[in-house]
Amino acid sequence: AVVEERKNELEKAVQAHRAVVAAQCRQLLSKLPKAAVDQLNFDALVDLKLDLEYNVVGLQVVKDWCEHHVKECLSYLAAGNIRNETRHFLISGAIGTGKALAAELIAKALYATGHAKAPEIQTRLGAGNVLHFATKESGEVREGDLREYGGVSIVSCRNKRMLAQKTGGFVVFIKREPIRIHLSTLTPTELAVISLRRMAREQAIPRSVTVELVQEMIEHKWS
């Protein structure tokens, strides 16, 4: 009963927070002409803002890009121009740094601004789709996959040097420089936040359990 009560409290808090963020987004778009607002996906914009400000831990470089992308798009639309252009992405980072999550955030941002047809990573070719090519050191990615369908491609690899070797000769990247992102490992504090949130979803947590306490547990375990 206690667990269910805490979960209900958490759900109410989440809904209240979403309402606040939705109001902020409406204020942000209030000065845009209706034709410009119609090109955006409002609910996706709210979801993205929630992810950037609360739901997603770490990935600050990706969050910064998403925020810049949205602001740039709104500036273009406010000036009466078409949406800003998009580029392909090259993402590098060790295991556990969040390459797949980074690709998902980028897809959400592109959908929120109307650059993509869906908020999820797609598995099929098609204009307006966002595809993620997660390559390993021994894997290959074809340049044809990146330019045949007119969508946005995200190529990721654990090794930055290997990623450069695999894609360095691609004409599509020579003609238009891709956005390059390198992900750092999560800090102990970020790992503590993730652990605490996972615990909160699964069971009732006493108020004595704090981020600092979980951080100390992680550092002690890994030291």
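Me: In what order do the elements of the protein chain run from the N terminus on?
Reply: This is a predicted model. The chain has ten helices and four strands. Reading from the N terminus, the order is α-α-α-α-β-α-β-α-β-α-α-β-α-α.

Me: What share of the residues of the protein chain count as buried?
Reply: Buried here means under 20% relative accessible area. The chain has 223 residues, and the share of them that passes that cut-off is 40%.

Me: And among contacts between residues at least 6 apart in sequence, what percentage join residues at least 24 apart?
Reply: A contact needs heavy atoms within 4.5 Å. Take those in the protein chain whose residues are at least 6 apart in sequence; the part joining residues at least 24 apart is 61%.

Me: Are α4 and α5 roughly parallel or roughly antiparallel?
Reply: Helix α4 covers residues 60-78 and helix α5 residues 99-112, and their axes come within 10 Å, crossing at roughly 5°. Angles under 35 degrees count as roughly parallel. So α4 and α5 are roughly parallel.

Me: Which residues in α5 does α4 meet, and how do the residues of the contact divide by class?
Reply: From α4 come Val62, Trp65, Cys66 and His69, and they meet Ala102, Leu105, Ile106, Ala109 and Leu110 in α5. By class, the residues of this contact are eight nonpolar, one polar and no charged.

Me: What is the phi of Leu59?
Reply: Leu59 sits in the loop between α3 and α4, and with a relative accessible area of 9% Leu59 is buried. Most residues other than glycine have a negative phi. Leu59 has a positive value instead, near 55°.

Me: Which helices each supply at least two residues of the lining of the second largest pocket?
Reply: About 260 Å³ of space lies in that pocket. Its lining has 13 residues, with Leu28, Lys49, Glu67, Val70 and Lys71 nearest the centre. The elements that each give at least two lining residues are α1 (2-29), α3 (42-55) and α4.

Me: How many charged residues are in the lining of the second largest pocket?
Reply: Asp, Glu, Lys and Arg count as charged. Lys49, Glu67 and Lys71 are among the lining residues nearest the centre of the pocket. Next to eight nonpolar residues and one polar, the number of charged residues in the lining is four.

Technical notes: Residues numbered from 1 in each chain as written. Predicted model: local features only at pLDDT ≥ 70, side-chain atom pairs only at ≥ 80, totals over all residues. Heavy atoms only, no water. Axes fitted to C-alpha atoms, helices over the stretch in contact; angles between N-to-C directions. Parallel < 35°, antiparallel > 145°, perpendicular 65-115°, else oblique. 1 Å grid on protein atoms, 1.4 Å probe; cavity = no way out; pocket = protein on both sides within 12 Å on 5 of 7 lines; lining within 4 Å. Points joined across faces, edges and corners; volume = space filled by probe spheres on them. Buried < 20%, exposed > 50% of the residue type's maximum accessible area, 1.4 Å probe, protein only.
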